Structure formats: C-alpha cells, structure tokens
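Please consider the structure shown below. The briefing that accompanies it is arranged by topic.

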Amino acid sequence: SPANQADRLGVHRSDYMLHAEAQGEPYQLKQVELNTIAASFAALSSRIFTLHRYLTNRFGNQIAHFLNTNQKIVSSSIDPPTGVPDNPTLERIPNAIALAFDRYVHKF
C-alpha cells in the first residue's frame, strides 16, 4: 500500500536540564522529556528563545557561573559562553514540511 512506502516526517522536541546529585556536586546533563510536537510549536519555541536570550542578557552577571558550567557540559567549545544560541525553528520546520511534501508528490 502507498502508506507503507511513504516517507515520514516527525517533529520532535527534546528537553534537557542540568542536574547535580547534591549541592557542590558536578552538574550532569539529563534528558527530561522527548515530545512529538505540532509544527505550530515552532512559533512558540522561537518566542521562548527570545525570552531566554533576554533573561540571559539581563541577569548575565548573576548567572555567569551557571552559564560557564552549562557550556562545559553541553558544548565542546572552549570560547566563553555567548548566551543562548539561535533557534531557527521557524525556518527549519516549514522547510522540512515542504521537503516531505515534495518527496510525497514525487513518489505518488
């Protein structure tokens, strides 16, 4: 059947948090959720990104230690943390949907 031959597109979000077993213990990166999401979530996540960037800039001096620790755990970069990275979901999810549609039309 055509459904068995069709490619599939999944839109997922994976959430992580830093966790320390006890005060003074090193942080570890922990996955706390894996969700399938609606494509409309791209608009919300881009707004949350803007909020995170604002808060990071606003309270940067107070959270500098956390940002440095975070970067060491989640990134191989040795450069000083620059804050919240870009979140291109408003471009990538629609592009993925268009590509999935084009592949479907080409196959069927």
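The points below cover a helix, a strand residue and an aromatic pair.

This is a predicted model, in which local features need pLDDT of at least 70 and side-chain atom pairs count only at pLDDT 80 or more, while totals for chains, interfaces and linings use all residues. Residues are numbered from 1 along each chain as its sequence is written, and side-chain values use heavy atoms, with hydrogens and water left out.

**Helix 3**

- Helix 3 (residues 60-74) spans only 18 Å between its end C-alpha atoms, whereas a straight helix of 15 residues would span 21 Å (1.5 Å times one less than the number of residues).
- At Phe-66, helix 3 bends by about 35° (the angle between axes fitted to the seven residues ending there and the seven starting there).
- Gly-60, Leu-67, Thr-69 and Gln-71 of helix 3 are buried (under 20% relative accessible area; exposed is over 50% and partly exposed in between, with a 1.4 Å probe and protein chains only).
- Helix 2 (41-58) is what the buried residues of helix 3 pack against.
- Helices (H or I, at least four residues) and strands (E, at least two) are DSSP runs, numbered from the N terminus.

**Asn-35**

- Asn-35 lies in strand 2 (residues 28-36) and counts as buried, at 19% relative accessibility.
- Neighbours within four places in sequence aside, Asn-35 is in contact with Val-11, His-12, Arg-13 and Asp-15 (heavy atoms within 4.5 Å).

**Aromatic pair**

- Rings of Phe, Tyr and Trp (its six-membered ring) pair if their centres lie within 6.5 Å; the count by this rule is one aromatic pair.
- The ring centres of Tyr-104 and Phe-108 are 4.9 Å apart and their planes stand at 45°, so the pair is tilted (stacked is under 30 degrees, edge-to-face over 60, and tilted the rest).
- Tyr-104 is partly exposed at a relative accessible area of 47%, and Phe-108 is partly exposed at 40%.
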